Amino acid sequence: MKTERPKIAKIFTDCANKAKSSTNICMYPNCNQKAINSHIMQKNGILSSISDDKHLWELSVDHFKQEYIGLQRKGINKIYTFTGFCNNHDSLIFSKIETQEEIDFDDYESCLLFALRTAHNELWLKEVVIKIQECIINHPGVEMNNEMLKETIRQNKLGIKDLEFYTNSMWSDLSNKTESFVFEYREMVLTQLCLNSIYTYDTSQEIMDYQYKYRKDMERTSEIFISYFPYLNKSILLMGYHKDDTSKVKSFVNVFFKENIKRTNRRLSSLITFNCETWVCSNSFYKEKFEGLDSEFFKAMQFSGKNGNERKTFDVDFFKPDFKKNFRDFINKNVG
Ligand SMILES: [Zn+2]
């Protein structure tokens with residue numbers, strides 16, 4: 001259904017386009033070159049392996065619709081990209097995992113490069129979101145709760161500061177051959193879906209409780225870097241966390257690698273459906289699993305925004321044949 005406020009939708013869309021096109025400086029330390037549009041996950045060998053018709057599907061925003069988040073089909077050259085690095089650094093940094101040779105997931109640096117790209121895409125997204133919000137605040141035609149918007153901007157800026165703790169460690173690892181992160185990986189049955197996401201271990205409730213108790217923001221949230229992608233007829237699940245966070249997050253991460261495949265599949269499904277927005281899937285996977293569920297995905301996003309406990313695994317499993325029905329039932333029951 002179309003939005004009842006097309007003028008506002010146009011302002012939001014214009015602000016978003018402006019924010020995206022102006023966030024385009026290479027994120028390599030001390031580089032000021034203009035960034036090129038590059039894939040979050042390499043096209044060759046990974047994205048191309050699941051795009052039988054040179055297209056993929058992703059969750060994207062359309063402000064002209066009432067339920068403004070839904071799955072959209074886009075060409076492989078345009079989809080799953082961001083302007084993060086200049087041409088020189090984009091090819092230089094990632095050559096180890098993008099050349100034709102097989103990727104060695106026991107190699108620390110190779111794993112780090114996946115997390116590095118995920119982290120920078122997330123940094124880029126946060127910068128874009130802040131610019132959109134600042135653009136809206138300064139726009140005379142929009143009546144919004146400015147205090148709330150200012151608080152959201154402040155939170156996003158804190159998020160950038162937190163993320164920079166991780167990206168600084170990553171750059172330092174790359175240049176000094178140190179290992180500040182722990183990575184785990186697992187080979188799974190091929191699923192035509194590719195995900196690169198950051199998962200905040202601390203739940204919204206915990207972050208709020210901390211603020212309430214100590215009257216200040218948490219020093220830093222604990223972030224887990226997740227990549228789940230098709231590679232050589234299997235799917236690889238790769239997760240990493242900072243060594244400083246070991247005592248806090250290790251057992252949570254290990255569950256994904258120690259439990260049987262069935263349980264891990266359910267965990268992944270819940271994570272992708274409720275917690276992560278940065279993923280793409282093939283046309284056939286979309287048809288089989290997600291077609292006709294736009295409204296459910298929109299409601300799932302709202303549900304997880306209010307839920308407060310992002311570590312909870314919900315009973316939806318897109319590896320099962322009755323996923324569509326189960327997901328609809330879940331949303332009907334919990335959101336309406
Ligand atoms: Zn550069």
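L232 is placed in the loop between β7 and β8, the latter spanning residues 234-242, in what is a predicted model. This briefing takes up L232 and R215, two residues with positive phi that are not glycines, and then turns to the packing of helix α4 (residues 108-137) with helix α5 (residues 146-176).

**Loop residues with positive phi**

- L232, in the loop that links β7 to β8, has a phi of about 50°, a positive value although the residue is not a glycine.
- The relative accessibility of L232 is 52%, and because exposed means over 50%, L232 counts as exposed.
- R215 is found in the loop between α6 (204-214) and β7 (223-231), and its phi, near 60°, is likewise positive in a residue other than glycine.
- R215 also counts as exposed, since its relative accessibility stands at 68%, where the cut-off for that class is over 50%.

**Packing of α4 with α5**

- Helix α4 and helix α5 pack at an angle of about 160°, and their axes lie 9 Å apart.
- Because angles over 145 degrees count as roughly antiparallel, α4 is roughly antiparallel to α5.
- The crossing that α4 and α5 make is left-handed.
- Among the residues of the contact of α4 with α5, 18 are nonpolar, seven are polar and nine are charged.

Key
Residues numbered from 1 in each chain as written. Predicted model: local features only at pLDDT ≥ 70, side-chain atom pairs only at ≥ 80, totals over all residues. Heavy atoms only, no water. Axes fitted to C-alpha atoms, helices over the stretch in contact; angles between N-to-C directions. Helix = DSSP H or I, 4+ residues; strand = E, 2+ residues; numbered from the N terminus. Parallel < 35°, antiparallel > 145°, perpendicular 65-115°, else oblique. Left-handed = near helix turned anticlockwise from the far one by under 90°. Nonpolar A, V, L, I, M, F, W, Y, C, P; charged D, E, K, R; others polar. Buried < 20%, exposed > 50% of the residue type's maximum accessible area, 1.4 Å probe, protein only.
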